[in-house]
Amino acid sequence: MLPAGILESGSISVADPASSKKRVLESAARLLAGSDEEPGAEQIFERLLERERLGSTGLAGGVALPHARMPGISDSRGAFLRLSAAVDFDALDGQPVDLVFALLVPEEATEEHLQLLARLAGMFNGADLRQRLRAADGGEALAILTGNTALHAS
């Protein structure tokens, strides 16, 4: 599962109303910005969009992993969105996306960035995980993604 501190309850949106790739990236940027003043959601959005222009971060199975390196942050952070309706994300399998995990890492953290992306891709490759996330509320999604079942007792 995810390393400690990458994902918090305030960085999760279930039934997110974003209805296009651009809106998904805007929602993800707001979640990634959180309550921090810097970097702001607009700066994060621009970084995510810049990366997306290099090639789609849409995988297969309804999953996208938008990501960017960001100057001015010291720790990696993530945001999870489950969309209320799947959107076209130019995914590898041509299918629309409804599960999005956005990742922001410090600009100099190249190796950590690649390791986190590999870990996320491996996690979201599992059909069981995707199915569980599609049925989860925010607390359950946090517990599933962090592997911390104490976060949400059923």
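Predicted model: local features only at pLDDT ≥ 70, side-chain atom pairs only at ≥ 80, totals over all residues.
Let's start with a salt bridge: the side chains of Asp90 and Lys21 meet at 3.2 Å, N to O.

**Salt bridges**

- The structure holds six salt bridges.
- Lys21 also forms a salt bridge with Glu52, where the closest N and O atoms are 3.3 Å apart. That pair links distant parts of the chain too, since Lys21 belongs to helix α1 and Glu52 to helix α2, 31 residues apart.
- Lys21 and Glu52 are both buried. Lys21 counts as buried because its relative accessibility is 19%, and the cut-off for buried is under 20%.
- Arg134 and Asp98 are joined by another salt bridge, at 2.8 Å from N to O. Here Arg134 sits in helix α4 (residues 127-135) and Asp98 in strand β5, 36 residues apart, so distant parts of the chain are linked.
- Through shared partners, salt bridges join Lys21, Glu52 and Asp90 into one network.

**Nonpolar cores**

- The largest nonpolar core has 26 residues, and Ile44 and Leu48 have the most contacts inside it.
- At least two residues of this core come from each of α1 (21-33), α2, β3, β4 (77-87) and β5 (97-106). Helix α1 gives the largest share, seven residues.
- Beyond its neighbours within four places in sequence, Leu48 is in contact with Leu25, Ala28, Ala29, Leu32, Pro66, His67, Ala68 and Leu103.
- Another core lies apart from the largest one and has 23 residues, among them Leu65, Leu116, Leu120 and Met123.

**The second largest pocket**

- This pocket holds about 170 Å³ of space.
- Its lining is made up of Arg47, Glu50, Arg51, Leu54, His67, Ala68, Arg69, Glu107 and His113. By class, these are five charged, two polar and two nonpolar residues.
- Both α2 (41-54) and β3 (67-70) supply at least two lining residues, and the largest share, four residues, is from α2.

**A buried serine**

- Ser11 is found in the segment before β1 (12-16), and at 11% relative accessibility Ser11 counts as buried.
- Setting aside neighbours within four places in sequence, Ser11 is in contact with Leu31, Gly78, Ala79 and Phe80.

Technical notes. Residues numbered from 1 in each chain as written. Heavy atoms only, no water. 1 Å grid on protein atoms, 1.4 Å probe; cavity = no way out; pocket = protein on both sides within 12 Å on 5 of 7 lines; lining within 4 Å. Points joined across faces, edges and corners; volume = space filled by probe spheres on them. Nonpolar A, V, L, I, M, F, W, Y, C, P; charged D, E, K, R; others polar. Buried < 20%, exposed > 50% of the residue type's maximum accessible area, 1.4 Å probe, protein only. Contact = heavy atoms within 4.5 Å. Core = buried A, V, L, I, M, F, W, Y, C linked by side-chain atoms within 4.5 Å. Salt bridge = Lys/Arg side-chain N within 4 Å of Asp/Glu carboxyl O.
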